[in-house]
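Reader: I would like to learn how to read a few features of a protein model. Please take them one at a time.

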Amino acid sequence: MTDFLVRRFVKNYEHIQWTEVRTSYGMLSSSVGIFCNILLFLVKLLVGILMHSIAVTADAFNNLSDAASSVISFVGVRMAGKPADKEHPFGHGRVEYIAAFIVSFFVIQVGFTFFKSSVGKIMQPEEISFELAPFLILALSVLVKVWMGAFNRKLGKRIDSKVMLAVAADSMGDVATTSVTIASILVYRILGWNIDAYAGIIVSLLVVWAGIGIARETLKPLIGEPIDPLLYQEITRLVESFDGIVGTHDLIVHNYGPNLSMASIHAEVPREADIEKSHEIIDQAERKVLRKLGVYLVIHTDPVEVQDQWVLGVKKQLKGVLGEIDSELDFHDFHLVQEDGQVHLVFDLVTPYDYGEQMQDQLRLQVMEAMQDKDSRYQCVITMDKSFVGESS
């Protein structure tokens, strides 16, 4: 069904890197969400009234909030697809993240509202009536939500959409809440225990939790995420594939929406290389990354020693010292300065994020002492640094 809808309503659906195609995917997802959620709202509201069930009614209005969320998603996707202009030179892609964040507040608000209603029903309980036809309709709605969750997850992963993945997570939360509602009705039918209000509390808490999860996920790209390890590996592989570039470090990626990322990286080139030749190589690398990955890359060149065996030997000593202290330590921008009988080792030392200021000071002294044990002339000039790469999943 998903592929049929995509082929039917998304023109050029294979070209997901095109902004207009991505917008069409978003409009399809939102339209399906609006239709299905309004239908579920009307059906569940009727069932809730007939069965006098606060849990079913809460679930119905949760679906209505989902329909409103789909409307926001629709508007957000359309705005995110607008081209760059004078006021927004990096485009409007982040509007999609803002739309997903707004969706999360709708979900949380519905959860809190029906938490209050459920508490009221505990204080003043009402009888629940059981009718087979409405009950089966309620069970059928679970299947609809399972399909909607799978539908949005598939499209969200295909075009890397935070909004669609948020809607998918919300749909699966609805599956859980409706399942709890069904369970409470069955308990009343079989055992005669009226746990409807308590089930309503469970439903409301699940809805709130789903909203918090959506907010947390959509805030990440707005605040700033670490680089995806796969993207890091692909960018560094492409840059380092050019003859004349011997290494890279300090890759930073800024995300301005699903279709626009800008990045910078330091490329190490032999210090004796011709500057014009290196510049030509750098230009080629920037164009290749843009063509292959759609990332606008700016490359800074760092001249490094690749022939002097003494310098290379000192680098090897430093690498060994860091490995003995902590295998997660790394360094770059290494060069030597000889002055007044001393050898200054100048480099950036990359530490994990759990190294606080005190740990870094201790590490700096530890590295200095260890290198002076190798040669008393060594004086370390260390700049502490962090990696911008995320953990592998």
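Author: What follows goes through aromatic pairs, charges over rings, a helix, backbone angles and a surface patch. Keep in mind that this is a predicted model.

Reader: How many aromatic pairs does the structure hold?

Author: A pair of aromatic rings is described by the distance of the centres and the angle of the planes. The structure holds seven aromatic pairs. One of them joins phenylalanine 331 and phenylalanine 347: the ring centres are 6.1 Å apart and the planes stand at 75°, so this pair is edge-to-face.

Reader: Which parts of the chain does the pair of phenylalanine 331 and phenylalanine 347 tie together?

Author: Phenylalanine 331 belongs to strand S4 (residues 330-339) and phenylalanine 347 to strand S5 (residues 342-351), so the pair ties together parts 16 residues apart in sequence. Ring pairs also link Phe331, Phe334 and Phe347 into a cluster.

Reader: Are phenylalanine 331 and phenylalanine 347 buried or exposed?

Author: Both phenylalanine 331 and phenylalanine 347 are buried.

Reader: Which residues lie over the face of tryptophan 209 and of tyrosine 353?

Author: Over the face of tryptophan 209 lies arginine 216, at 5.8 Å from the ring centre. Lysine 386 lies over the face of tyrosine 353, and there the distance to the ring centre is 5.5 Å.

Reader: What span should helix H7 have?

Author: Helix H7 (residues 196-223) has 28 residues, and at 1.5 Å a residue it should span 40 Å. The C-alpha atoms at its ends are 40 Å apart, which agrees. Just after H7, glycine 224 takes a positive phi of about 130°.

Reader: Which residues other than glycine have a positive phi?

Author: Asparagine 12 is one of them, with phi at about 55°. Asparagine 12 sits in the loop between helix H1 (2-9) and helix H2 (19-51), and its relative accessibility of 35% makes it partly exposed. Aspartate 333 also has a positive phi, near 55°. Aspartate 333 lies in strand S4 and, at 22% relative accessibility, counts as partly exposed.

Reader: Which residues make the nonpolar surface patch?

Author: Phe115, Val119, Met123 and Leu205 make the patch, which covers about 370 Å². Helix H4 (residues 95-123) gives the most to the patch, with three residues. Phenylalanine 115 is in helix H4 and is partly exposed, at a relative accessible area of 30%.

Technical notes. Residues numbered from 1 in each chain as written. Predicted model: local features only at pLDDT ≥ 70, side-chain atom pairs only at ≥ 80, totals over all residues. Heavy atoms only, no water. Patch = residues over 30% accessible without salt bridge, like charges linked within 9 Å, V, L, I, M, F, W, Y side chains within 5 Å. Areas by Shrake-Rupley, 256 points an atom, 1.4 Å probe, with all protein chains shown as cover. Salt bridge = Lys/Arg side-chain N within 4 Å of Asp/Glu carboxyl O. Helix = DSSP H or I, 4+ residues; strand = E, 2+ residues; numbered from the N terminus. Buried < 20%, exposed > 50% of the residue type's maximum accessible area, 1.4 Å probe, protein only. Phe/Tyr/Trp six-rings, centres within 6.5 Å; stacked < 30°, edge-to-face > 60°. Lys NZ or Arg CZ within 6 Å of the ring centre and 35° of its normal. Expected span 1.5 Å × (residues − 1).
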